[in-house]
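Please open the structure in your viewer and keep the sequence beside it. The stops below say what to select and what is there.

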Amino acid sequence: MNGPAEMLAADKASTALGIEPVELRDGYATLRMKVAENMINGHGIAHGGYVFLLADSAFACACNRAGSVTVAATAEIDFIRPVHEGDELVAEAVERTRFGRSGIYDITVRRGTEIVAEFRGRSRTLRA
């Protein structure tokens with residue numbers, strides 16, 4: 001595999017939602033997404049799956065490096081505040097630790113300076 005930029009460009013789910021990279025480097029990623037009308041659930045707020053997908057995409061970019069294929073082993077999210085149509089969300093993924101073929105990453109999703117979700121992912125690098 002190439003690096004996270006190439007992986008994200010080939011990610012049809014993320015690109016279909018308009019997810020864009022802001023900053024990508026080993027162990028770190030920031031992505032943004034604008035909440036569209038088709039992302040709104042029956043309560044009039046963004047469906048949590050879209051917020052999770054943004055955080056998960058940032059997680060994937062942070063944990064993948066050129067020459068490796070790393071996937072999620074587990075992930076969980078805490079939804080802090082509701083998200084609305086038109087909101088621009090930014091997900092910042094930070095590597096906390098890598099050990100062997102595993103890693104732990106924290107991802108914060110913000111609307112401006114306001115935290116709307118916290119995500120923790122655990123990764124596993126596959127053998128070549």
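This is a predicted model: local features need pLDDT of at least 70, side-chain atom pairs count only at pLDDT 80 or more; totals for chains, interfaces and linings use all residues.

Residues are numbered from 1 along each chain as its sequence is written, and side-chain values use heavy atoms, with hydrogens and water left out.

Begin with the chain in cartoon view, where there are three helices and six strands, these being DSSP runs (H or I, at least four residues, for helices; E, at least two, for strands) numbered from the N terminus. Followed from the N terminus, the elements run α-α-β-β-α-β-β-β-β.

Next, colour the residues by burial: 38% of the 128 residues are buried, which here stands for under 20% relative accessible area with a 1.4 Å probe and protein chains only.

Now select Leu54, Leu89, Ile107 and Val109, which touch the most other members of the largest nonpolar core, a set of 28 residues; such a core joins buried Ala, Val, Leu, Ile, Met, Phe, Trp, Tyr and Cys residues through side-chain atoms within 4.5 Å. Strand E2 (28-34), helix H3 (48-63), strand E4 (88-99), strand E5 (102-111) and strand E6 (114-125) each give two or more residues to this core, and H3 supplies the largest share, eight residues.

Finally, centre on Val109 and leave aside its neighbours within four places in sequence: its contacts (heavy atoms within 4.5 Å) include Val51, Leu54, Ala55, Leu89, Val90 and Ile115.

Notes
Buried means under 20% relative accessible area, exposed over 50%, partly exposed in between (1.4 Å probe, protein chains only).
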